[in-house]
Amino acid sequence: LLTIHDVQYLTYPQYFSPVKLRYLKNRVPSAIRRATVVATPSNYVRESLEQHFSISRERTAVVRHGLEPSIGLHKTNESELRARFNLGTSRVLLIPAITHPHKNHEFLLRLMADEWRNEDVKLVMVGGKGLAEEHIQGLISELDLAERVVREGRVNAADRDGLIALAEALVFPSQYEGFGAPVLEAMALGTPVIASDCASLPEVIGDGGVVLPLSAKVWSEALRTVRENRAAVVERGLQRCKEFTAAKSAQDLVIAYEKTLAASQK
């Protein structure tokens, strides 16, 4: 049983170094050929494999990610986070993502400088430094956003959960996700999700959040939409994340192993 989380390199090869791209082009097809069954975290990735590698549906299985019921149990309280990260009384938008190009931080920064320039919000960016780090840091200066963008790098689980919980919305304009765990975490913590309609995100979010095409004009109204319909969005998110529990993920994995065993015995 082989697990493939995503095949982003097929969609955005420009986001990979030449060495890593050569490695993936060689190793992924080879691994798929040798596998009895291939597990993916979403139907989107499953269909991508079927399209690009002509693998049959009988040789694939979707094993959804799942959340433990304890998520948020030990989250850092809001007052401590606001003081430590200098958030004051501002409304907060959160993007928890390493600064890789496909995470699309630039889209949010340009929204902050233009369509959302009159919004009393701070954009909190947490996550490690990726391939777009230098560009993103330069763009913050170029767009004069230093006072409205908070950079905190990697944070622990308690701070992450606390930041998600205090945010007005988790904003996630990613161009590619094999699954997109942060949107699931936000829904479970009662925080509205505003995300792109790219790759697996619509599949995971369903009706549990606001899913939009990557257009600044469309996203310009997203914050108002969430504010005016917050209770309904939160409730839909809470209901949606019930489909992604650790127990259901385990059930998917058992089915994938049973499928692998049955195929190997033929």
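Begin with the aromatic rings: the structure, a predicted model, holds four aromatic pairs (rings of Phe, Tyr and Trp, the last by its six-membered ring, with centres within 6.5 Å; planes under 30 degrees apart count as stacked, over 60 as edge-to-face and the rest as tilted). Select Y12 and Y15, one of these pairs. Their ring centres lie 5.1 Å apart and their planes meet at 10°, so the pair is stacked. Both Y12 and Y15 are buried (under 20% relative accessible area with a 1.4 Å probe and protein chains only; exposed is over 50%, and partly exposed is in between).

Next, select F179 and F244. With centres 5.7 Å apart and planes at 75°, this pair is edge-to-face. F179 sits in the loop between β7 (169-172) and α8, and F244 in the loop between α12 (230-240) and α13 (246-264), so the pair ties together parts that are 65 residues apart in sequence. Helices (H or I, at least four residues) and strands (E, at least two) are DSSP runs numbered from the N terminus. F179 and F244 are each buried.

Residues are numbered from 1 along each chain as its sequence is written. Local features need pLDDT of at least 70 and side-chain atom pairs count only at pLDDT 80 or more, while totals for chains, interfaces and linings use all residues; side-chain values use heavy atoms, leaving out hydrogens and water.

Now display the largest pocket, whose volume is about 780 Å³. On a 1 Å grid over the protein atoms alone, a pocket is an open set of points where a 1.4 Å probe fits, with protein on both sides within 12 Å along at least five of seven lines; lining residues have an atom within 4 Å of a point. Grid points are joined across faces, edges and corners, and the volume is the space filled by probe spheres set on them. The lining comprises 38 residues, with D6, Q8, H100, H102 and K103 nearest the centre. Elements giving two or more residues to this lining are β1 (2-3), α1 (8-11), α2 (18-34) and α8 (181-188). Of these, α2 gives the most, with four residues.

Move to L1, in the segment before β1. L1 is partly exposed, at 35% relative accessibility. Its contacts (heavy atoms within 4.5 Å), not counting residues up to four places away in sequence, are V37, A39, L253, A256, Y257 and T260.

Finally, select C198 and C241. C198 is buried at 15% relative accessible area, and C241 is buried at 12%. The structure holds zero disulfides (pairs of cysteine sulfur atoms within 2.5 Å).
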